[in-house]
Amino acid sequence: MNPENNIRYSRDCSGVDIQQKSRFNGLIFPVLTMMAILVIASCNQHQNQEANVEQAATAGAPLDGGSATIQDDVSMRNILQIAVSSADHSTLVTAVKAADYVDVLATAGPFTVFAPVNAAFDKLPAGTVEGLLKPEKKADLQNILEYHVIAGAYKPEYFRDGKAIGVANGGRVTIGVKDGKITVNGANIIGSVQGSNGWVHLIDQVLLPQ
Amino acid sequence: MKPISIIKVPFNVGIFGILFALGAFTGCNNNGSKHETILGGGDVASEVYVAPGKYDDFYLFASGGFSGQVGVYGLPSGRLFRVIPVFSQNAENGWGYSEETKPMLQTSHGFIPWGDSHHPVLSKTDGNANGKWLFINENNTPRIARINLKTFNTDEIIEIPNSGGNHPSPYCTENTEYLVAGTRFSVPIENKDVPISSYKENFKGAISLVKVDPESGKMSVAVQIICPPFDYDKNRAGKGVSRDWTFFTCYNSEQANTMLEATASQNDKDFILAVNWKKAEEYLNAGKAKDFKVNYYHNYMDESKQTAFSEIMTSVKTLEPKDCPGMLYYMPCPKSPHGVDVNPTGEYIAAGGKLAALIPVYSYDKMIKAISGQQFDGEIEGIPVLKYDAVIAGEVQKPGLGPLHTEFDDKGYGYTSFFLTSEIVKWKIGTWEVVDRIPTYYSIGHLCIPGGDSKNPYGKYVIALNKITKDRYLPTGPEVCQSAQLIDITGEKMKLLLDFPTIGEPHYAQACPASLLTGNATKIYKLEENNHPYAVKNEKEGRVERKGNEVHIYMTMIRSHFAPDNIEGVKVGDVVYCHVTNLEQDWDVPHGFAIKGANNAELLIMPGETRTLKWEPKEAGVVPFYCSDFCSALHQEMQGYIRVSDKNSNVPVSFRLGE
């Protein structure tokens with residue numbers, strides 16, 4: 001990562017903080033405050049973030065990085081590690097990196113992440129993903145990713161048909177449970193993985209904030 | 001700020017305190033070199049600075065003294081990482097409160113909630129720390145504990161019978177074949193109702209060898225040697241050439257039993273008791289030992305069941321010195337000796353005569369020659385007394401007042417602590433000359449060089465373990481902290497780097513390179529290896545069972561809820577056991593468990609661990625419980641209710657989660 005990137009990221013970070021604060025009112029406030037704090041904290045250390053993600057699973061000396069850099073090959077994998085290790089989630093991981101949410105997904109949580117597989121991103125109109133990955137679209141990208149995250153660990157059997165659940169961007173998603181099949185805003189949950197800090201539910205469509 | 005402290009400097013600190021105060025004052029006014037002080041110059045701060053996120057170079061295990069615990073610190077930073085509960089109940093994590101850990105504090109005298117821990121000793125292979133275990137003695141109700149250096153938990157505590165105060169302990173032999181125990185206060189053996197004035201005929205001093213299983217670390221009292229009723233005070237095992245021996249100091253050769261402050265200081269010389277533990281082993285194996293009936297407890301943690309168990313032992317093997325020639329010798333030692341320490345080669349044995357004006361250093365080689373040449377000066381109860389001149393290698397003359405303990409570096413120097421003159425004195429092995437001295441703040445007891453009792457010391461630092469701090473820190477009322485001081489010993493002159501406060505009294509400490517332990521540290525307890533009889537491995541198994549007036553709640557916890565979290569059917573008069581399993585499999589995610597009004601305690605439960613809280617509800621109503629360790633963003637939501645009904649109610653047992 002070059003120094004120019006570092007400067008730009010720093011500026012973006014402070015901007016994100018303000019935007020998020022304006023959305024917090026009354027909605028799972030403590031969680032989002034904590035996430036905001038983490039985002040602010042990560043401003044100080046993102047310069048080697050990409051390298052850190054790759055180092056997360058490798059042995060070595062202690063690092064000064066964020067949660068994503070903790071060396072631990074004994075504990076259950078966290079949500080970040082599950083996503084990074086899945087070939088089906090390379091687009092999502094790219095988006096998480098661009099949104100600066102790498103460290104957050106490795107914190108204590110708990111989180112429920114609806115994780116669109118690569119094919120889900122492919123269903124979006126051509127150029128959508130590339131557009132969102134542009135630095136100037138970072139806030140939009142974060143908003144979309146936050147729409148996929150619940151603060152709380154929902155295993156599949158906790159979902160109830162028709163239940164609307166608040167998500168991290170302040171909006172809500174609606175759960176459907178019919179004939180044993182679970183949907184979120186109409187997207188199918190096609191698999192579920194327990195992580196150390198919550199649950200990852202694989203979905204076949206990208207959820208768009210309503 | 002500091003000129004005031006010139007006025008307040010205690011008299012006995014004298015010139016050092018004043019110079020320090022001046023030095024600090026100068027430092028404050030000089031921005032260009034604010035770390036430069038009289039204490040040595042140079043950038044002292046950078047020598048102890050460990051950057052955020054970086055690790056220290058050494059672990060320091062310091063006794064908590066009267067706290068009964070062990071503090072784990074980093075060096076050079078002096079940061080406290082953990083208090084390992086050992087001999088005292090610990091409110092921080094439920095040690096000695098949970099049903100699983102209560103047995104660890106059982107003794108032949110019943111449950112003892114508060115002990116007095118003294119000497120942490122790292123297990124050794126070939127005379128060097130091997131990173132497996134840390135042993136520590138309890139002085140008051142004589143015991144030895146074994147701490148597992150993977151989990152930093154106390155795994156075993158064994159009681160020492162026939163002892164009146166286990167101070168000269170646990171000090172392991174070169175390959176941790178044995179630990180030792182003794183008695184600072186000789187007592188009747190077996191203990192019985194006799195006049196205290198019958199001390200000389202009825203009292204004895206038992207010296208114990210405690211066998212350590214090389215694989216499991218399990219301890220057993222192998223044999224007790226019944227010695228004359230002196231006060232056996234300190235110990236150090238031989239190594240290298242002297243590996244078959246272990247050395248105890250003893251005072252009160254006068255055999256006084258009152259006002260020892262004066263009456264036990266009459267003789268010019270007391271003794272070092274040299275014990276040939278190999279010989280003792282031979283006599284034991286040859287069947288020379290007698291069985292002595294006495295009850296004592298052996299408590300150990302069953303790792304698989306995550307639960308401690310107590311075994312009641314009913315006899316111990318004893319040896320009488322008069323039946324065992326060649327096993328014990330007394331070496332005269334000036335005036336009420338305290339510490340006894342062996343240099344890295346095992347050839348020299350330095351003693352600290354705490355009322356003496358010199359440090360006597362004995363030669364192992366001369367001792368062996370004196371034994372074979374029978375250079376005796378009489379005997380005491382069948383134990384030959386060797387002639388002082390025949391065994392002494394040299395005396396460090398006029399080193400200071402009140403020598404206590406010596407540790408060694410890797411360059412041929414000894415470092416001795418002096419309580420009365422509050423200093424560390426460096427002297428050269430062989431020439432016995434004092435080469436340097438440095439004040440301590442204040443009243444040093446033990447001192448520690450990482451590996452300083454081993455064959456290969458890491459001669460980088462000496463740590464002064466101080467009893468008194470007075471004006472060294474922000475005052476906190478009558479009770480102020482005790483402290484450790486980190487001193488650089490790499491140069492010709494010792495250099496004070498850092499003061500740091502400690503828990504309780506840092507009575508003694510041992511240190512080892514961090515790399516010896518970091519790779520082995522346990523991160524979680526694996527759920528599949530949890531064989532606790534009341535463990536539940538998933539939420540579906542969570543349940544409540546009534547057996548008469550006993551109610552067993554099988555509960556799980558994971559971010560961020562309990563299962564079940566609504567429980568009904570508990571009645572006043574019930575004895576409720578909450579068996580709580582932390583389902584997390586993630587490093588550093590313990591959960592707490594606290595019930596309103598529980599008279600026992602709370603719990604802190606590690607990932608994959610099961611712990612049990614006993615609770616006896618006293619009145620009808622609804623009682624909340626919650627997680628008391630901030631675990632996650634929804635920590636506050638991690639809560640539940642237990643409905644308590646009248647004794648005669650017929651509310652059935654029921655439980656649920658999320659319905």
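Student: How many salt bridges does the rule find across the interface of chain A and chain B?

Tutor: A salt bridge is counted when a side-chain nitrogen of Lys or Arg lies within 4 Å of a carboxyl oxygen of Asp or Glu. By that rule, two salt bridges cross the interface of chain A and chain B. One of them joins B:Lys540 to A:Glu157, where the closest N and O atoms are 3.8 Å apart. By class, the side of chain A that touches chain B has 12 nonpolar, seven polar and five charged residues. In this grouping, Ala, Val, Leu, Ile, Met, Phe, Trp, Tyr, Cys and Pro are nonpolar, Asp, Glu, Lys and Arg are charged, and the others, Gly among them, are polar.

Student: What should I know about the model and its numbering before I continue?

Tutor: This is a predicted model, in which local features need pLDDT of at least 70 and side-chain atom pairs count only at pLDDT 80 or more, whereas totals for chains, interfaces and linings use all residues. Residues are numbered from 1 along each chain as its sequence is written, chains are lettered from A and ligands numbered from 1 in the order in which they are written, and side-chain values use heavy atoms, with hydrogens and water left out.

Student: How many residues of chain A and chain B are in contact across the interface?

Tutor: Contact means heavy atoms within 4.5 Å. On that basis, 24 residues of chain A touch 23 residues of chain B. The two chains bury about 1700 Å² between them, with 54% of it on carbon and sulfur atoms; this buried area is the accessible area (1.4 Å probe) lost when two parts are put together, summed over both. Nine residue pairs, both members at pLDDT 80 or more, are in polar contact between chain A and chain B. A polar contact is a pair of N or O atoms within 3.5 Å; within protein, one must be able to donate a hydrogen and the other to accept it, and residues adjacent in sequence count only if both atoms are side-chain atoms.

Student: How many helices and strands are there in chain A and in chain B?

Tutor: Helices (H or I, at least four residues) and strands (E, at least two) are DSSP runs, numbered from the N terminus. Chain A has eight helices and seven strands, while chain B has eight helices and 45 strands. Among contacts in chain A between residues at least 6 apart in sequence, 62% join residues at least 24 apart. In chain B, residues 24 or more positions apart account for 61% of the contacts with a separation of 6 or more.

Student: Why does A:Thr112 count as buried?

Tutor: A:Thr112 counts as buried because its relative accessibility is 0%. A:Thr112 lies in strand β1 (residues 111-116) of chain A, and its side chain reaches the backbone nitrogen of A:Tyr154 at 2.7 Å. Beyond four places in sequence, its contacts include A:His148, A:Phe159, A:Trp199 and A:His201.

Student: Is B:Ile595 buried or exposed?

Tutor: B:Ile595 is buried, with a relative accessible area of 7%. Its place is in strand β40 (residues 591-595) of chain B. The C-alpha atoms of B:Ile595 and B:Val623 are separated by 7.2 Å, although these residues are 28 residues apart along the chain. B:Val623 is also one of the contacts of B:Ile595, as are B:Cys578 and B:Trp615.

Student: How should I read backbone angles?

Tutor: Most residues other than glycine have a negative phi, and most peptide bonds are trans. In this model, phi is near 60° at B:Asn252 and near 50° at B:Met259. B:Asn252 is in the loop between β15 (245-251) and α5 (260-263) of chain B, and B:Met259 is in the loop between β15 and α5. B:Asn252 is buried at 0% relative accessible area, whereas B:Met259 is exposed at 52%.

Student: Which residues does a cis peptide bond join?

Tutor: One cis peptide bond joins B:Ile189 and B:Glu190, with omega about 0°. B:Glu190 is in the loop between β11 (187-188) and α4 (199-202) of chain B. Another cis peptide bond joins B:Ala563 and B:Pro564, with omega about -5°. B:Pro564 is in the loop between β37 (561-563) and β38 (566-571) of chain B.

Note on methods. Buried means under 20% relative accessible area, exposed over 50%, partly exposed in between (1.4 Å probe, protein chains only).
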